[in-house]
Amino acid sequence: MSKTNKLIDFNKPYLTGKETQYIQQAVEHGKISGDGMFTKNCHHFFETKYGFKKALLTTSCTDALEMAAILLEIKEGDEVIAPSFTFVSTVNAFVLRGAKIVFIDSSDGNPNMDVDAIEALITPKTRVIIPVHYAGIACNMDKIMALATKYNLFVVEDAAQAIDSFYKDKPLGSIGHLSAFSFHETKNIISGEGGMLIINDERFIKRAEIIREKGTNRSAFFRGEVDKYGWVDIGSSFLPSDIIAAFLYAQIENLDDIQSRRKTIWEKYYNLLEPLQKRGLIRLPKIPEYASNNAHLFYIVCNNLKERTSLIEHLKKSNIYAVFHYQSLHKSEFFLKNNKAISLPQSDHYAECLLRLPFFYHLTENDQERVIDSINKFYL
Ligand SMILES: *Cc1c(COP(=O)(O)O)cnc(C)c1O
């Protein structure tokens, strides 16, 4: 195979080089279960850099969301408003506790929830709104928080993709009562699998520590606040080994470098694809003025499903892997088994037309130009 036709994958995890060194340190330190030295360093980093009231590493974002549902005492029949265009974990965490998911459509400008459609969905049973900051682009948090105050609801930010991104001057994850981040290998900073629960409402801090430690007050015990520890609540094992935290710590030390590289790649895609947008052939991400761009992913929106399918095939022939994203959850087998069909056209539009381009730290300028050339040839 010629060099010019080498595979351009969709994603490749980026290693900063210090991961194994820190893992070795964690091992030598002798405490490799949860809440060791590296976990504490990670908590401290996120709390000081972003002003989160409390950060708790978890084994995944999914786990952080499950903790949120337990903390909010979600029970059978409670209603939770969430976008249909999202990952299953956003809602599964609440379904596990008996919640009914009330799906909301995406907005016209980007895949985030249409905040103007929220109020009509609120009933006396509504307990939670879950904004998902798709591609790390902020939802309109002022409007969401105002509705939460007006109707006495909780807000859980699904900030899985939103590390180091902002709504106005506020870091995402710092606005909702609770927030969940992911460090899965597809995200900006990674630990293989991994996540983090953020607690901004202080009322939940104590109980969060207990739920994360199998329903025991072990954390308080280790701080010397109680003289023995025991079973005090429901819970599970949500905390990661310090080996995972050691990996993550190597990543967060390089956060600024990672972000700056990703932003450069993002800008280049945007600038080189703008001519196609001007000709009406594709749409590019629209970033509202209140939102920052953390360059989590780069997508284009094709005009229809048929065109997207052909474009994916066309790129594959050049050995370039571009992938679509979520399928609308309101059309999933699981939802339709238990609920009536509903219509959310914008969510379906993104499910059918959105295409993510290869995007990772080591994507070269040359690779990017090959991707753009191939897309340009498709629309020629
Ligand atoms: C990645 C992702 C998750 C799940 O994260 P895990 O760490 O894999 O559990 C949840 N929600 C969204 C929006 C995501 O992108």
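This is a predicted model: local features need pLDDT of at least 70, side-chain atom pairs count only at pLDDT 80 or more; totals for chains, interfaces and linings use all residues.

A: On the side of domain 1 that touches domain 2, at least two residues come from each of helix H2 (37-50), helix H4 (88-95), strand E3 (100-104), strand E6 (166-167) and helix H8 (242-253). By residue class, this side of domain 1 is made up of 22 nonpolar, 13 polar and six charged residues.

One salt bridge is counted between domain 1 and domain 2. Asp256 and Lys49 form a salt bridge in which the closest N and O atoms are 3.7 Å apart. The domain assignment of the protein chain places residues 19-252 in domain 1 and residues 255-379 in domain 2.

The extent of the interface can be described both by residues and by area. In terms of residues, 41 from domain 1 are in contact with 35 from domain 2. In terms of area, about 3200 Å² is buried between domain 1 and domain 2, and carbon and sulfur atoms give 56% of this. Phe85, Phe103 and Asn188 together supply 20% of the area that domain 1 buries against domain 2, which is more than any other three residues supply. The centres of domain 1 and domain 2, taken over C-alpha atoms, are separated by 26 Å.

The ligand is surrounded by 14 residues, the closest being Thr62, Asp158, Gln161, Ser182 and Lys187. For Thr62, an N or O atom of the side chain is 2.5 Å from an oxygen atom of the ligand. For Gln161, the corresponding distance from a side-chain N or O atom to an oxygen atom of the ligand is 2.8 Å. Tyr326 also has a polar side-chain atom 3.3 Å from an oxygen atom of the ligand.

One further residue deserves a description of its own. Ser174 is located in the loop between strand E7 (170-171) and strand E8 (178-182). The side chain of Ser174 reaches the backbone oxygen of Pro171 at 2.6 Å. Apart from neighbours within four places in sequence, Ser174 is in contact with Tyr50, Phe52, Glu157, Ser179 and Asn200. Between Ser174 and Lys268 there are 30 Å in space, C-alpha to C-alpha, and the two residues are 94 residues apart in sequence.

Methods. Residues are numbered from 1 along each chain as its sequence is written. Side-chain values use heavy atoms; hydrogens and water are left out. Domain bounds come from an automatic or database domain assignment. Contact means heavy atoms within 4.5 Å. Buried area is the accessible area (1.4 Å probe) that two parts lose on being put together, summed over both. A salt bridge is a side-chain nitrogen of Lys or Arg within 4 Å of a carboxyl oxygen of Asp or Glu. Helices (H or I, at least four residues) and strands (E, at least two) are DSSP runs, numbered from the N terminus. Ala, Val, Leu, Ile, Met, Phe, Trp, Tyr, Cys and Pro count as nonpolar, Asp, Glu, Lys and Arg as charged, and the others, Gly among them, as polar. A residue is near a molecule or strand if one of its heavy atoms lies within 4 Å of it. A polar contact is a pair of N or O atoms within 3.5 Å; within protein, one must be able to donate a hydrogen and the other to accept it, and residues adjacent in sequence count only if both atoms are side-chain atoms.
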